[in-house]
Amino acid sequence: MKKKVLLMGKSGSGKTSMRSIIFANYIARDTRRLGATIDVEHSHVRFLGNLVLNLWDCGGQDTFMENYFTSQRDNIFRNVEVLIYVFDVESRELEKDMHYYQSCLEAILQNSPDAKVFCLVHKMDLVQEDQRDLAWSSIVYQLIPNVQQLESNLRNFAQIIEADEVLLFERATFLVISHYQCKEQRDAHRFEKISNIIKQFKLSCSKLAASFQSMEVRNSNFAAFIDVFTSNTYVMVIMSDPSIPSAATLINIRNARKHFEKLERVDGPKHSLHMRMR
Amino acid sequence: MGSNSRIECIFFSEFHPTLGPKITYQVPEEYISRELFDTVQVYIITKPELQNKLITVTAMEKKLIGCPVCIEHKKYSRNALLFNLGFVCDARAKTCALEPIVKKLSGYLTTLELESGFISNEESKQKLVPIMSTLLEELNAKGECTLPIDESNTIHVKLIDQRKDPLIVQEYDVPVFTECKDEFFRSQWDLTTQQILAYIDGFRHIQKISAEADVELNLVRIAVQNLLYYGVVTLVSIFQVQNLIDNKSVQEECLLYVTKPGQKRASLRDVFQLYCGLSPGTTVRDLCSRYAQQLHRVDERKLIQFGLMKGFIRRLQKYPVKATRGDRSRPPQLYTGCHSYDEICCKTGMSYRELDERLENDPNIIVCWK
């Protein structure tokens with residue numbers, strides 16, 4: 001299944017940077033070296049099995065934008081699943097930005113009326129990794145075909161093992177694709193923070209030619225388990241009942257693993273989970 | 001300067017960080033329409049895969065020849081400087097000769113930028129306009145142009161006519177001057193050529209020239225090939241009547257050339273008869289015996305040479321072919337039908353007669369003429 005994702009916005013607003021960080025494992029520092037995108041850069045990102053994200057990273061210079069709305073209009077705006085429009089919060093040309101945004105919406109309405117539109121407001125100096133990950137998680141969440149089923153299964157699993165919270169991460173990007181929590185948690189940004197921490201740790205491991213497998217973190221209040229789950233996901237289980245031994249949780253995770261793998265396969269190509277970066 | 005490659009316009013295009021690809025300067029002004037540029041801009045300011053390559057794109061009856069340059073450095077906004085200096089010609093024009101110039105100019109500009117920021121500096125960039133004007137004018141008028149850029153840099157460009165690649169010169173080929181040897185300016189040529197000049201007489205073949213001039217064989221071959229490229233010499237191989245050109249000036253030329261020194265001018269009738277007497281398989285020896293009278297005033301070698309130079313006679317070569325397997329003829333690898341007597345004699349050092357005798361006596365060899 002191919003889903004076309006348009007990434008548009010003013011020149012220099014950070015579209016290519018974000019794309020590189022989320023899907024190509026760049027760190028923020030690397031993106032400073034990126035050049036301007038000439039016209040449209042196409043990339044294919046295999047996400048959760050046969051879901052392929054066809055990313056159209058569109059250069060934002062005036063000449064290109066004008067072209068997108070005129071000679072390239074059909075080509076660009078047809079069959080779009082998701083439009084992500086990026087605004088630069090520090091822009092001095094708000095009127096021009098709005099004008100382009102409006103033109104985009106018009107073109108989308110004409111050519112892909114069912115497309116979902118996301119607006120991201122980007123701040124270039126601050127490294128707002130949490131916000132970025134949250135934004136992309138939400139976007140990608142919209143694209144996953146079987147997300148409800150995934151969530152209900154995750155809920156069952158969590159309730160059976162008496163976990164406080166269970167998170168499902170996509171393996172390569174570590175974006176949260178599904179979660180369950182049994183009560184309100186304090187930190188609304190915890191997902192992104194965790195994603196980030198694990199991604200950094202993964203990077204450090206790879207520098208030592210080791211690959212990250214699993215992690216267990218304990219204190220008197222809780223135990224957290226992060227482990228490889230299915231072929232394309234990681235799971236994080238939070239247990240606040242100290243009487244339940246680690247071994248038990250780990251066995252539960254192992255058994256659930258088989259179930260989730262089968263779940264993917266039973267429903268056919270939609271559910272097979274495999275991530276490949278191009 | 002052929003009217004074929006007339007340059008209609010020279011343009012300088014850049015990538016602007018917020019405006020995108022645009023034409024910064026063009027001479028004459030307003031030549032490239034907005035529509036044309038929109039159509040071709042993706043081949044002028046290109047994606048990385050097409051950068052630093054010569055690109056010619058044809059659209060709307062125009063041909064644009066350019067070389068997109070990308071200089072990466074963090075001092076530039078968006079980490080790179082992208083530009084393209086190109087020519088616009090009519091779509092039907094022959095533009096091969098312009099290509100090396102476009103490439104050369106892109107190299108010059110790249111160097112200027114790397115050395116002194118010539119292009120990224122707004123002030124010095126403006127100097128491009130008079131440069132482009134001069135280029136346009138002089139390349140169209142004279143086919144060459146010398147441009148001082150600043151105190152230390154000058155650009156030289158010249159349109160070079162394309163010639164056909166010359167044939168490979170073999171050891172048994174015989175070079176002969178196409179024009180009068182006296183008009184030849186020795187000093188213009190390299191040392192090797194100067195050394196072999198005296199031995200080019202229309203009779204000595206390459207191997208002989210090499211031996212007598214004491215110059216290595218390959219050097220002689222290359223030097224003669226060079227002379228061939230510029231049309232100074234032509235190669236002759238000798239003999240067979242194909243065709244006699246009925247042309248008054250050629251006749252005059254012929255008679256002058258073939259008459260023996262000290263004799264009255266040869267008559268056209270005699271010369272004509274001689275040429276006609278050359279039928280397939282005739283050897284020079286046969287000619288001499290049969291036409292002794294006509295050859296009274298005619299130098300037969302010059303006769304043959306003239307015929308070859310003008311292309312109305314052609315030499316037949318003999319190619320020996322081994323007819324049966326596993327025989328002991330020596331040297332076996334040369335008797336495949338691909339190597340002529342000339343070549344074999346050259347390679348083995350045998351004389352024509354020796355080779356002939358040897359092959360006549362070998363029942364396993366058949367000789368083909370072609």
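Predicted model: local features only at pLDDT ≥ 70, side-chain atom pairs only at ≥ 80, totals over all residues.

Trainee: In what order do the strands of the open sheet in chain A lie, and how do they pair?

Mentor: As a general idea, strands of a sheet pair through backbone hydrogen bonds, in either a parallel or an antiparallel manner. Here the five strands of chain A follow the order β7-β6-β10-β9-β8, and their pairing is antiparallel. Because β7 (176-181) and β8 (214-218) of chain A each have a single partner strand, they stand at the edges, with one side of each left without a neighbour in the sheet. From one strand to the next, the twist averages 10°.

Trainee: How many bridges join β8(A) to β9 of chain A?

Mentor: Five bridges join β8(A) to the antiparallel strand β9 (residues 223-228) of chain A, and within β9(A) the bridge partner of Ser214(A) is Asp227(A).

Trainee: Which strands does helix α8 of chain A touch?

Mentor: Helix α8 (residues 190-207) of chain A packs on the sheet and touches β6, β7, β8, β9 and β10 of chain A, its direction making about 55° with that of β6(A). Helix α7 (residues 147-161) of chain A lies across β6 (165-170), β7 and β10 (233-239) of chain A, and runs at about 40° to β7(A).

Trainee: Turning to chain B, is Ala223(B) buried or exposed?

Mentor: A residue counts as buried when its relative accessible area is under 20%. Ala223(B), which lies in helix α7 (residues 217-229) of chain B, has a value of 6% and is therefore buried. Beyond its neighbours within four places in sequence, Ala223(B) is in contact with Thr192(B), Thr193(B) and Ile196(B).

Note on methods
Residues numbered from 1 in each chain as written. Chains lettered and ligands numbered in written order. Heavy atoms only, no water. Pairing = 2+ DSSP bridges. Helix = DSSP H or I, 4+ residues; strand = E, 2+ residues; numbered from the N terminus. Axes fitted to C-alpha atoms, helices over the stretch in contact; angles between N-to-C directions. Contact = heavy atoms within 4.5 Å. Buried < 20%, exposed > 50% of the residue type's maximum accessible area, 1.4 Å probe, protein only.
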